Amino acid sequence: MEDLLGSILNKMTKPPSLDEQQRKATRKQAENLIERQNEERALLRNFQTKMQSKISDFILDNALEKITLPPMNRIQRSIIHEIAETAGLSAFSFGEEDVDRHVVVYKKEFTPCQEELSAYRRGLEWKPKLVEEESTQEVNQLPPSKSESAAVAHYSTKYDRLFGNEQVKEATKVTQVNRKYGFVSSENKKDQRSIEQTLDDIRAKKRQKKTL
């Protein structure tokens, strides 16, 4: 039984083994990969150190509001964003990927508004005065709201029905100020007597009461 099993095992084909040259080539590829990775890590560390120094100088320069960095790849931009966030700054990426994509770092108090960022992302020049004028024109061109129109129509209809259109117009006129009688004009006063006439009438009433 054992001889039969042994003969069967001996007849089975063994998996092919790599020769020494192939093993050396595989080992060399692995070593090269590790070496390239170490070099890339070193380059990124140097880049990070350089950018930290550059951004520190930017923070200390009171004359600068922002700093525009040259185009860089995605990993480098992520490092810039991380440095800016740690330093309490604002950072935004502009431009086309793999063409001119770059980062602009702002001091917090000079962070642009959403309209300005939108203009930069579209590759346009930011003109705040022009935007303000356009916004004002849009507001002035807006039609009156339904509630305002309904209120005016209701007011006109109500008083037209009660007094007539001409009387409504007359009632809405601004009364001219008469400084002698205050804010009500002499024409609108019910009592048309002069001051002397009024005083004489009062004295006459008093004399009449005394005689009774």
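**Exercise 1. Lys-108**

Does Lys-108 count as buried or exposed?

*Solution.* Start with the ground rules. This is a predicted model, in which local features need pLDDT of at least 70, side-chain atom pairs count only at pLDDT 80 or more, and totals for chains, interfaces and linings use all residues. Residues are numbered from 1 along each chain as its sequence is written, and side-chain values use heavy atoms, with hydrogens and water left out.

Step 1. Learn the cut-offs. Buried means under 20% relative accessible area, exposed means over 50%, and partly exposed lies in between (1.4 Å probe, protein chains only).

Step 2. Apply them. Lys-108 has 52% relative accessibility, so it counts as exposed.

Step 3. Lys-108 sits in the loop between β3 and α4 (114-121). Helices (H or I, at least four residues) and strands (E, at least two) are DSSP runs, numbered from the N terminus.

Step 4. List its contacts, meaning heavy atoms within 4.5 Å. Not counting residues up to four places away in sequence, Lys-108 touches Gly-88, Leu-89 and Ser-90. Ala-87 is 21 residues from Lys-108 in sequence, and their C-alpha atoms are 10.0 Å apart.

**Exercise 2. The whole protein**

Give the order of the elements, and say what share of residues is buried.

*Solution.* Step 1. Count the elements: there are eight helices and three strands.

Step 1. Read them from the N terminus: α-α-β-α-β-β-α-α-α-α-α.

Step 2. Turn to burial. Of the 212 residues, 14% are buried.

Step 3. Check the surface. The accessible surface comes to about 18300 Å², and 54% of it belongs to carbon and sulfur atoms. Such areas come from the Shrake-Rupley method with a 1.4 Å probe; for residues, only the protein chains shown count as cover.

**Exercise 3. The faces of helix α3**

Which residues of α3 are buried, and which are exposed on the other side?

*Solution.* Step 1. Find the helix.

Step 1. Sort the residues. Arg-77, Ile-79, Ile-80, Ile-83 and Ala-84 are buried. Seen down the axis of α3, the buried residues fall within an arc of 155°, so they line one face of the helix. The arc is that of the directions from the helix axis to the C-beta atoms. An α-helix has 3.6 residues a turn, so residues three or four places apart point the same way.

Step 2. Turn to the other side. There, Arg-74, Ile-75, Glu-82, Glu-85 and Thr-86 are exposed.

Step 3. Find the packing partners. The buried residues of α3 pack against α2 (20-60), β2 (90-94) and β3 (102-106).

Step 4. Check the ends. Asn-73 caps the N-terminal end of α3, with a side-chain oxygen 3.2 Å from the backbone nitrogen of Ile-75. After α3 comes Gly-88, with a positive phi near 75°.

**Exercise 4. Arg-77**

What does Arg-77 contact, leaving aside its neighbours within four places in sequence?

*Solution.* Step 1. Locate Arg-77: it lies in helix α3. At 6% relative accessibility, Arg-77 counts as buried.

Step 1. List the contacts. They are Met-72, Ser-93, Glu-97, Arg-101, His-102 and Val-103.

Step 2. Look at Met-72. Its backbone oxygen lies 2.9 Å from a polar atom of the Arg-77 side chain. A polar contact is a pair of N or O atoms within 3.5 Å; within protein, one must be able to donate a hydrogen and the other to accept it, and residues adjacent in sequence count only if both atoms are side-chain atoms.

**Exercise 5. Strands β2 and β3**

In which sense do β2 and β3 pair, and over how many bridges?

*Solution.* Step 1. State the pairing: antiparallel, over five bridges. Two strands pair if DSSP finds at least two bridges between them.

Step 1. Pick one bridge. Phe-92 has Val-104 of β3 as its bridge partner.

Step 2. Check the faces of β2. Ser-90, Phe-92 and Phe-94 are buried on one side, and Ala-91 and Ser-93 on the other.

Step 3. Visit the loop between the strands, where Asp-98 lies. Asp-98 has a positive phi of about 65°, although it is not a glycine. Most residues other than glycine have a negative phi. Asp-98 is exposed, at 77% relative accessible area.
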